[in-house]
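Here are my notes on the model you asked me to look over. Keep the 3D view open and click along as you read.

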Amino acid sequence: MASTSDIRDKLRRKHRALRASLERRRDDTQEVTGGEEEEVAETLRRSLRTQRQRRRKKLLEKMNADESWVEEEVAGAVVEEDGTVQVFHRDERSDDAAELGAVASPSGRPPRELPPLPTPKENTMERRMREKLKAARSKAESLLLQEEPASRLQALRERDTRTRFDREAGVEPRPRRDDASPPLAGRATLRDAVRRVGMDAQTETGLPTAEESYNFFTFNFDPEPEEKHHPRQHKKREQDKGEEPGEDEEERQQDEEEEEEEERGDEGGEDLFLIEQSDKDFVEVKRAEYVGYYERVQRERELFFVPSTRTVPASRKLPENMQPRFLEDEGLYVGERPVVSRTNENIMENRILRQDQDKKWFGDDGRVIVLPDPIKESPTRPPLFHMEGELDPALQTVYRKAVRAKNTSRYITGAGDAQGDFQLDVDVSGLIFSHHPLFSREHVLGARLAQLYDQYLSKQQKNLTGLLTDKLNGLRNTIRNMLELHAGQGLSQATQHRIAEYTQEIRYTRQMRDASQEKDRILMKSIVKVWKELKALREFQRFTNTPYKLYLRREEVDRDFDEQQHKAEIQAEVAELQAEAEEHYEKMMSDYRRMHEEWKRWRRKQKALKTKKKKRRQTSLEEDEEEESEEELGEEPPRPEQPQEPDPEAVEQQVREKAARIRRKPGEAVLVPELTASCSVTPSDQCPRAEFARRQDVSKRSLFIKVLYNGKVVSRTDSRSLSADFRVHFGQIFNLKIVNWPESIELQVFETVGTSTTQMADVFIPIPEASILTGRAPSEEVEFSSDQRVMFNHEGVGSGVPFSFESDGSNRLTLLTSGKVSCCVSWAVGEDNVPLAPPIAHPTGAIHSGIRQMDAIACIGASGVNDMKKLRKWAADSRLDPNDPNNASVMQLLSMVSGGEENVPDYFRLEQLQEEFNFVPDEELDKSRRFRLLRLRSQEVGEFRNYKNVPALEREVSDKVFQEYEKRLREREIVDTKDHLDAHRALVAKYLQKVRESVINRFLIAKHHFLLSDLVVEEEVPTIGGPGTGVLGLNLFKLAEPKRPLKPRRKERKKVSAQNLSDGDIKLLLNVIRAYDLPVRKPQSSKPPATSKPGRSFTEPFPAAQSSHSTIQGSDWPMNQVLIRPFVEVTFQRTVLQTSTAEGPNPCWNEELLLSFTAPNGDYSTSSLQSVKDEVFINVFDEVVHDVSKGERDWNGFHACVEKHWLGSVKIPFSTIYLQSRIDGTFKVEMPPVLLGYSKERGLVSEGGYDAIRSLSEGAFITLFITIEPQLVPGETIREKMKDVKFESQEDERLLLASQFFERDAAQHFPARPCLTTVIDINGKSVFVTRYIRPLNPPQELLDLAPNASQEATELVARYVALIPSLPDTVSFAGVCDLWSTCDQFLTLLAGDEEEHAVLLCNYFLAMGKKAWLIIGTAIPEGHSAYVLTYEQNRYVIWNPSSGQYYGQYDTFCPLQAVGCLINADNVWFNLQMYDAPARMSFDVSKSKFWKPFFSRAFSHPGLSSVQPEELVYQRTDKAAAAELQDRIEKILREKIMEWRPRHPTRWNRYCTSTLRHFLPKLERSGGHDVAEEHRLELQSLLGDYRISGFPLHMPFSEIRPIIEAVYSTGVHNVEASNVEFALAAYVHPYPNNVLSVWIYLASLIRTR
Amino acid sequence: MATSNPSVFLLMVNGQIETANFPEYDDLYCKYCFVYGHDWAPTSGLEEGISQIASKGRESSHDLVWNFPLEITFKSTNPFGWPQIVVSVYGPDTFGNDVVRGYGAVHIPLTPGRHTRTIPMFVPESTSRLQKLTSWLMGRRPEFTDPKVVAQGEGREVTRVHSQGFVTLQFNIVTKDMKKLGYDTVSDTQTPLRVRDKLS
């Protein structure tokens, strides 16, 4: 302990000394800052410590959790650490001992001996020791993992340096120090056993760190608190400033450490002595070291880290006690992460966790932080939605004039061909500077001299003066001669004029010569002057820089001759000048005289005025007037001065003076300068220093030239150094093989000084003409200059900077670098002397095409355009002869551009050369009828489609061809009422036509769109397990199928696409099978006996009838009668075929009829076929054979006259057959309500209304099978395409989607059943179908007619609807689509197909308070159609809207065959039942098993508003118009019938006609029912003598043509008996809103007597 | 018809479908037909025909020789729609089904004289691999609905074809009144006969 006090004393002493020394240097501020710094340092240290602690802790945890082997390692490390500690401790002790000598070592107080003092020092020591231990542990493991302790020695040394360094850095001394301990520890392991002794106790106490040991030494152990901070402060300062005491201290410390190590080595054993020991220890002979496999694996395991692919628990990635946050769930935006596989992510995370302890790589959600995926899903370019609407101004396209791509059309035409091998030779021979910054003054002068000399030489060469002198002499001689010639006589006017011209010329020439002479003289003078200056300069500077030397050669002249000439010259000149002066004088004099005269006159006036004024002044003294009068006279004209007489003396004097100035004196020797480079240049070593420097500089410079062709660097010359005379010789020739048109050839001059290269100048070289070839081309010198500013501090004058020749600095001048490149560009000559130049034709060609097409020039890029103005100017200047054919093209071009404007159009034209290819101008093409025809045909205009044989010559095309077409065009605007009988119909027809055209145009593109199936026949893909026959297996079985199976199955006929057919290819196959319930003839006796004479009236054809007629009167119908002999006649496209005759009211024909079909214009395309409006008329006739009565003809034989009586007809439009491809079924024969002479068995006729829904007795029926042979591909393709064409719609997107889904679903399950949810309205927009259903009021008139009987009213309404003409959409909109019009539109158009009728009827029914639905289904013969279903008196009634008929649900002959869906205002139901025939199904829509509703609970009705109007407004039809129409129909029909009977006279029975006319309104009123009997009786009574057969026809009115057709089809006109008479009556009954019901009563009468 | 100012010109075609070169197939026959514009009408001769079945020769070349004569005369007012001959070749496949081996078309030469034309032939491709397999199995290769399709441009964009084989045809063309109607198909430099006459 005594030693301890000693130590303390010593320490205190030392400390004080230190403090004293420090305080001496420290000032107050430092003190303060030092303290603060100390504070900061302390906190920093603390924070570091805590951080480390935390990290270590975590690490330990992690290791515990993760890898057990690491744990082992740690344990090892701990153990090792302990060892180190021990060593350290001992070191400390020994160290002190060594250092302090007698003073006992501070650590010599062993921790064991020390009581656990509560002193802060001890505590800190301990704590720090512990910390250090921990840190060392963590470091140790990481180090052991990371680095191989390759060389301990090295490690030791490294550690040394490091610690020192760290100490000096001073920020965190401890961890660095800790760094060092592991190697020590590693070493320690070897001596583990030795050191284990007493280890435990030592670890507890800990070991002082360097700092602590320092503290230990420096700490003032006085208990004064104020002094406590001193040592720290002190230390801090040491660390920061590295001041001496600190340094000392540190050094000492380091020494200590080193000693520590050494001592450690001492203690540890021999291997610490390696350093001191001899080499022998190193060169120890050992066995080869072998590391066992297991060991190696172990070792590697220590070294390598294999990141696990397992997921890292989130807790480890996050700071402790933190739950992962998911920002996305919190509603914050989180970008999409780029796709990284999970395993890779795990590996990455593990790696990060391993490497960096802190979590900066992990986000709040515990995942690695990543930027959002930068790839966008969709392109960012905004789509352009509104094609027709206004564009967003930001997206508006901006017109920019097209810019030609730089390289296009630059290529020489034909380049790359055999001839297109062009070569341009660029010969760069050299460079001469006329000024260079390195010029000395002498050089400047020399250059100037050379320049002047050059000028002189060129002048000499041109000899302008001589030439002008000669000319002058010549002129003078001419005048003299002329004067001599006309010596005596007076000169003629012409001669005078010429002389005057000559004199003028002489004057001009003389002036020119004088000027030239003057120039010569001045040049000479300046040459001499510059030479003198040069000489002076040389003398002054005493060295010569330039080799120039000027000799002036004197040429002696003949003095006398010279003098004489001189005199003569002067005299001539004087004479001329005198003449001139005289002339001038004359002129002046005349002027003068005139002026003088004027002046005099004025004077006189003035005088007169003055006298006048005087007089006046006498009278009145008003001043004003005087002034006025003065003003009146105006200014006094200046008095002219008399010109001076020319003074000959003065003139001569003048001439002489001038001669003396500009000419050499007579007799003076002619001076001829000669510039040579013979002067020797003073060698450099004799020059002054500045000049020497300049020359040095010159020699350093070198130059090269880059060759650029069309702005691209092609090549460069070698670098040549600048010679002393500032000339550079290159002498290089570049051969450029070119493809592009040469536009520019450029040489760039570069100067190199040392390593830096600067561009001095650009030199542009003109492109040679094609005739300039290599070898012949002269070398050109092209000047260049640069405006660089260069200045030197030696003799060089620089450039761009002023300098002076004078010593006083006056007369400054500034020179810029300039010079000349001598080069030569020419076209190369090929091996066989062929010039490799492009054809010259190019520019001229451009001009030629330019004449034709102005904007073509711009496109071709001819040079002509740019210089158009210049060209014109040039043409004007050079006075081109416009009549010279050589100039024709230029003149033409000029005339084109005359007017000054550049005629290059401002627009871009795509096919700018198109005009040149046009055969004829467009107007001519339009005029030509033939071309017009061809064009119309190719545009597929209806009239000309498939027009054959367009005539070859114009004259053969007749105007008639176009008549129809033009008429149509004209009629488009004009409404023609003639054809239509009714103005309203005409308008409607026009409107329909327009709608149709627009719709067709809209889909024209789609029509030309082909599908693969249109072109290629391919077996369908066999779908395995799919519906139909397409099963692959089955198809394969088919291969093995017998060729002729016993039970053949029906095969589908091969479909023929319609486009390749021609006339006669298509046949209509019609199988007439049987008929039911035809009416039978009424026996003659049925007529009331009272009215006619029996036995005489009608010839009874069959005795049986006669026999039975009495019984007929009885109500039961006898069975044995021959009642009727019906046959069927089929009329199609005016071809008529008939079956054989069968017998009885239920005949069976079973006959096949083949009718050929011709398409309009021979166009068999689908669209054309679909628009065929022809109908197939199937007429049932009764064949009546009359005996020609014996009374009339006295023939021996039996004569029979065959008549046919029309019974009824069935009409089937061709379009239906085409679209259905086959029609098979029983049809109701449309029969007239009254059939004279026939009656029908009507067993069940009753008034029972719906109760007695006629089962099968109403009307007659016929069973037919109709098809087209061969089967045509119906227009389905177009319809399908239409499906692709999405119609725009205002419906909700969701609704549309749902409807699409609904329809698709329906089609999937029941492909045959039509399902309709959206339809296309007249504007071509999709509308949901329920919007069409809405209760609408029927015309009040109809309701008034049957006020109480609801059934009657219903029937009336149905009849009204049926009276609206039917026009299938497929006809009007040739296969394009089905358009639905609303009811008001329908009533306005008065035409529509089944859907419109059905909708209207349904709406009426709803308004009448019935339950009504729209049925979408299949019917015969219409195909897909719409019917109306009503629910009345507990049964369902089906209404055919286009005929007004109604059927019970179980009616066998109901034309409705299949029900697809039901529609009302609220919903659409699709039929899910097994059967779709109305008789076999339930119409209860509430059963979801049977009907699938569109709007269900899942998708409720969104409350669609109706498209229908709220109320229909009906206009009362004009009765008068109806009557007029009636008359016209009657008239037309009469004419027609007469027309159809060309060979027979047609007589009209007026009486009968009037009777019939009387009947018709009755028929209308009764609706065609139950008037027959009464009717017939009436007729019979009237026309007793006639055999009468006839019937009324009833139809809705649309236009006249169908009426005529219908009349024709009955064949009434075919009666050929000679005594036949006809009766015809028409009746038109108007219904509201122009709905007209037309009745036509036709009858033929044959007088029986 | 006045010869001085004719209203139509005539095009007479003689020739033959000489050979075909289908390296993979044998026992083929061909059909031909003509496609022409609206202003054209055949006046005599056969508009379409079907040849005999030809097998490959054993030696020499592997061409199929039909030497099937063509003879047809057209009259027309307008060169637009100049006739084309459409040749389609058929033959049995491995199962003996008659399948198409190639379609091809070429314009009738415009200039009078003797011409030889070789037409590359092609067939439509199946739409899918499966189709290809089944069509091969069933012997029902895809065919054009109408061979005349190959003489037209419209709608071809929906088809895919691959080529196989060549057919060589020879034409002897005589025209009448072409020049009178202003259609000069023979350039002046191309009158070898006259030149030869002059030379001789």
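1. Let's start where the two chains meet: 33 residues of chain A are in contact with 33 residues of chain B, contact being heavy atoms within 4.5 Å. The size of an interface is often given as the accessible area lost when the parts come together. For chain A and chain B that buried area is about 2700 Å², with 57% of it on carbon and sulfur atoms; the figure uses a 1.4 Å probe and is summed over both parts.

2. Before you go on, a word on where the values come from. This is a predicted model, where local features need pLDDT of at least 70 and side-chain atom pairs count only at pLDDT 80 or more, while totals for chains, interfaces and linings use all residues; side-chain values use heavy atoms, leaving out hydrogens and water. Residues are numbered from 1 along each chain as its sequence is written, with chains lettered from A and ligands numbered from 1 in the order in which they are written.

3. How many salt bridges are there between chain A and chain B? The count is one, and Asp39(B) makes a salt bridge with Arg937(A), their closest N and O atoms being 2.6 Å apart. The rule asks for a side-chain nitrogen of Lys or Arg within 4 Å of a carboxyl oxygen of Asp or Glu. Across this interface there are also four residue pairs in polar contact, both residues at pLDDT 80 or more. A polar contact is a pair of N or O atoms within 3.5 Å; within protein, one must be able to donate a hydrogen and the other to accept it, and residues adjacent in sequence count only if both atoms are side-chain atoms. On the chain A side, helix 28 (929-938), helix 32 (1012-1015), strand 14 (1016-1017) and helix 33 (1032-1039) each supply at least two of the residues that touch chain B. Helices (H or I, at least four residues) and strands (E, at least two) are DSSP runs, numbered from the N terminus.

4. Now for salt bridges over all chains, where the count comes to 33. Side chains of opposite charge can pair when their charged atoms come close. Take Glu569(A) and Arg513(A), which meet at 2.4 Å, N to O. Glu569(A) sits in helix 18 (residues 559-619) and Arg513(A) in helix 17 (residues 493-541) of chain A, 56 residues apart, so the pair links distant parts of the chain.

5. For a contrast, look at Glu533(A) and Lys529(A), a salt bridge at 3.8 Å, N to O. They are separated by about one helical turn, because they are four residues apart in helix 17 of chain A. Glu533(A) is partly exposed at 30%, and Lys529(A) is exposed at 53%.

6. On to the rings: there are 37 aromatic pairs over all chains. Rings of Phe, Tyr and Trp (its six-membered ring) pair if their centres lie within 6.5 Å; planes under 30 degrees apart are stacked, over 60 edge-to-face, and the rest tilted. Tyr1436(A) and Phe1483(A) have ring centres 5.3 Å apart and planes at 50°, so they are tilted. Tyr1436(A) lies in strand 30 (residues 1435-1439) and Phe1483(A) in the loop between strand 33 and strand 34 of chain A, 47 residues apart. Tyr1436(A) is buried at 15% relative accessibility, and Phe1483(A) is buried at 2%.

7. Trp1540(A) and Tyr1608(A) are edge-to-face, with 4.9 Å between centres and 75° between planes. Trp1540(A) is buried at 17%, whereas Tyr1608(A) is partly exposed at 23%.

8. Last stop, Gln1473(A), in the loop between strand 33 (1468-1471) and strand 34 (1491-1493) of chain A. Is Gln1473(A) buried or exposed? Gln1473(A) is buried, at 6% relative accessible area. Its side chain reaches the backbone nitrogen of Ser1482(A) at 2.8 Å.

Technical notes. Buried means under 20% relative accessible area, exposed over 50%, partly exposed in between (1.4 Å probe, protein chains only). Buried area is the accessible area (1.4 Å probe) that two parts lose on being put together, summed over both.
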